[in-house]
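The structure goes in first.

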Amino acid sequence: MHNQWIKRCLLLMGLLAFFSAFSLPVTATPESSEENQSSEMQIEQLLQDYKLQQEHIENIKNYKINLSGLEKEALNYRLFSRHLTAFETLQQLSQLLIEQEKIDNANPTVMAELETIINQNNQALKDGIGNLQKKFNSEYEQQEKYSTESLHLYIAHLTLLDTVYSAMTQQVLDQQALGFDAAGPKKYLTAQLYNRAEAFSGMVQLVVKKREELNVLISIKKDNQVLKDTLAVVNEQLVLARVSFSLTVDLLTELGFDTSFYQQTLLNLGGQITTDVLNVSILSGMLNKFIEQITQYLVEYGGEWIFKILLLLAIYYVFRSLAKVARNVMKKSLSSTNLNLSSLMKEMIISSVSRLIMIIGIFIALAQLGISLAPILAGLGVAGFIIGFALQDTLSNFASGMMILIYRPYDVGDLVEVGGGVFGTVKSMNLVSTTILTIDNQTLVIPNSKIWGDVIKNVTSQKLRRVDLVFGIGYSDDIEKTEALLSELVSAHPMVLQDPKPVIKLHVLNESSVDFIVRPWVKTEDYWDVYWDITREVKMRFDQDGISIPFPQRDVHFYPATTTAE
């Protein structure tokens with residue numbers, strides 16, 4: 001029985017699609033008197049056929065009152081078939097009159113009679129919808145939930161309602177095409193279909209949830225046949241609901257109702273691409289419809305979007321210019337200020353101000369396009385949370401860069417030793433890494449996390465440095481003479497500072513030498529010049545004054561071996 005109902009429903013939808021093809025626009029052309037007479041005769045014949053079919057329907061209704069059981073069910077099925085035939089006849093009659101109406105050749109008497117028939121038919125369909133729903137509710141309550149019997153009842157109910165709503169929608173569209181007053185029926189039908197779509201949306205969510213619960217229970221009780229049968233019924237209900245839901249959405253669309261929300265629900269529910277989409281005619285129709293929608297949208301909103309795009313470009317260029325101006329102003333201001341800011345801090349402030357202006361400009365541009373900023377800001381928060389997990393190492397470098405920015409252990413141009421032995425001049429810095437130029441002119445990029453997590457040695461952070469030198473003399477050399485000579489050489493050097501005073505002391509009695517320490521103070525930039533100059537002068541004066549510079553020596557004594565005479 002299920003298959004028969006479905007076939008009848010598909011037959012009705014096919015007939016609707018077939019007869020709706022006659023509603024294509026026609027060009028008004030002169031017709032011969034014979035063709036007009038033939039059309040009039042055809043209209044009269046269809047009108048008589050419809051009246052005769054209605055008489056047969058009434059006779060069947062009166063006859064089945066006294067019947068019950070199988071005979072009554074058979075007559076109900078036959079009555080449904082009669083209604084379909086009568087509806088098809090009414091459809092043909094409506095299409096012929098629509099064509100005559102387009103060429104101003106319709107018979108006013110027939111038009112008036114057809115309007116009365118359609119109004120009566122609409123009222124009958126309204127009553128039929130109410131009766132079908134009451135009957136279904138009464139019978140469904142008597143059935144066990146999610147049973148096979150309740151599923152059969154649900155199938156029959158959906159099929160009947162799909163047929164009735166399809167017929168009523170077609171009649172409303174015919175009324176509009178014929179110029180009849182269809183405001184009342186259309187309002188009623190739109191409300192009914194809207195409520196039906198809402199019910200399907202809720203029911204789909206309920207059935208999906210029930211299916212998930214059953215899947216969990218079946219995974220626990222794998223041999224429970226009752227649960228498996230219930231799951232099969234639930235899956236079938238979901239399939240049937242989706243078909244009727246899709247039909248309801250299509251009918252609402254034909255009536256001019258915005259169904260985008262329901263279409264999205266259907267897409268989420270269905271998801272898969274059917275083989276129908278691969279049909280060339282269907283693809284062509286979808287493409288034509290898409291092009292038509294795009295064209296209509298451009299006609300209606302094209303000028304507005306062009307204005308918005310021009311406004312967006314204007315806002316972008318204005319704020320980019322403002323960002324450049326702000327960057328130059330901040331750079332000059334920070335360069336002339338008395339604040340003791342590092343180069344990294346200055347660059348960060350300048351970049352932050354420039355980027356802040358650009359962000360404000362982007363938000364203003366988005367607002368002009370009608371885009372709500374609240375969801376974007378919320379999305380940025382969620383995205384930032386996700387990116388934070390994905391870029392943990394980068395964020396660690398960023399945090400280390402912030403600590404270097406705050407505590408300023410070095411700045412651009414400082415000579416430092418960082419990252420476990422990297423020695424060189426700081427060439428540039430950012431919040432993620434530091435670029436070091438080594439003494440032998442190699443460029444090294446070190447992540448800030450490696451720098452902040454290790455010892456940082458800043459050689460040039462102080463204005464003054466002490467040069468540590470050690471000179472050794474022999475044990476036979478004059479200590480006082482040597483000490484006076486070293487003092488003379490240090491004091492004579494123009495780059496050696498007198499305050500703090502240089503330190504020259506006898507320091508260690510080594511195995512091979514007597515060591516003096518020489519520790520003059522110099523400006524940081526003069527360190528290596530002083531170091532090399534004093535070392536050179538000491539060697540030259542020691543040689544000139546006969547002071548030896550010992551080096552490790554070892555005496556090796558050889559003794560001839562003696563043999564004992566026997």
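I take an axis as a line fitted to C-alpha atoms, for helices over the stretch in contact, with angles running from 0 to 180 degrees between N-to-C directions. Helices (H or I, at least four residues) and strands (E, at least two) are DSSP runs, numbered from the N terminus.

The model is predicted, so I note the limits: local features need pLDDT of at least 70, side-chain atom pairs count only at pLDDT 80 or more, and totals for chains, interfaces and linings use all residues. Residues are numbered from 1 along each chain as its sequence is written, and side-chain values use heavy atoms, with hydrogens and water left out.

Entry: helix pairs

I looked up H6 against H7. Helix H6 (residues 183-220) packs with helix H7 (residues 225-254) at about 155°, and the axes are 9 Å apart. The two are therefore roughly antiparallel (over 145 degrees; under 35 is roughly parallel, 65 to 115 roughly perpendicular, the rest oblique). H6 passes H7 in a left-handed crossing. I use left-handed where the near helix is turned anticlockwise from the far one by less than a right angle, and right-handed where it is clockwise. Sorted by class, the contact of H6 with H7 has 19 nonpolar, eight polar and four charged residues. For the classes, Ala, Val, Leu, Ile, Met, Phe, Trp, Tyr, Cys and Pro are nonpolar, Asp, Glu, Lys and Arg are charged, and the others, Gly among them, are polar.

I then checked H4 and H5. Helix H4 (residues 108-141) meets helix H5 (residues 148-178) at an angle of about 160°, with 10 Å between the axes. That makes H4 roughly antiparallel to H5. The crossing of H4 past H5 is left-handed. I list 17 nonpolar, eight polar and two charged residues in the contact of H4 with H5.

How are H14 and helix H15 (residues 527-544) packed? The angle between H14 and H15 is about 140°, with the axes 10 Å apart. H14 and H15 are therefore oblique to each other. Their crossing is right-handed. On the H14 side I find Thr 482, Leu 485, Leu 486, Glu 488, Leu 489 and Val 490, which meet Ile 534, Glu 537, Val 538, Arg 541 and Phe 542 in H15. By class, the contact of H14 with H15 has seven nonpolar, one polar and three charged residues. Contact here means heavy atoms within 4.5 Å.

Entry: buried residues

Is Tyr 410 buried or exposed? Tyr 410 is buried, with a relative accessible area of 3%. My cut-offs are under 20% relative accessible area for buried, over 50% for exposed, and partly exposed in between (1.4 Å probe, protein chains only). Tyr 410 sits in the loop between helix H12 (392-407) and strand S1 (415-418). Leaving aside neighbours within four places in sequence, I find Tyr 410 in contact with Ile 404, Val 416, Val 426, Met 429, Thr 434, Asn 448, Ile 451, Ile 456 and Asn 458. Tyr 410 and Ser 342 are 68 residues apart in sequence and 8.5 Å apart C-alpha to C-alpha.

Asn 448 counts as buried at 1% relative accessibility. Not counting residues up to four places away in sequence, the residues that Asn 448 touches include Asn 397, Ser 400, Ile 404, Tyr 410 and Thr 434.

Val 204, found in helix H6, is also on my list. Val 204 counts as buried at 5% relative accessibility. The C-alpha atoms of Val 204 and Thr 265, 61 residues apart along the chain, are separated by 9.2 Å.

Entry: backbone

I keep one rule in mind: most residues other than glycine have a negative phi, and most peptide bonds are trans. The peptide bond from Asp 499 to Pro 500 is cis, with omega near 5°. Pro 500 is in the loop between helix H14 (479-492) and strand S8 (503-509). Arg 408 has a positive phi, near 50°, and lies in the loop between H12 and S1. At 35% relative accessibility, Arg 408 counts as partly exposed. Asn 441 has a positive phi of about 70°, in the loop between strand S3 (433-438) and strand S4 (443-447). Asn 441 is exposed, with a relative accessible area of 59%.
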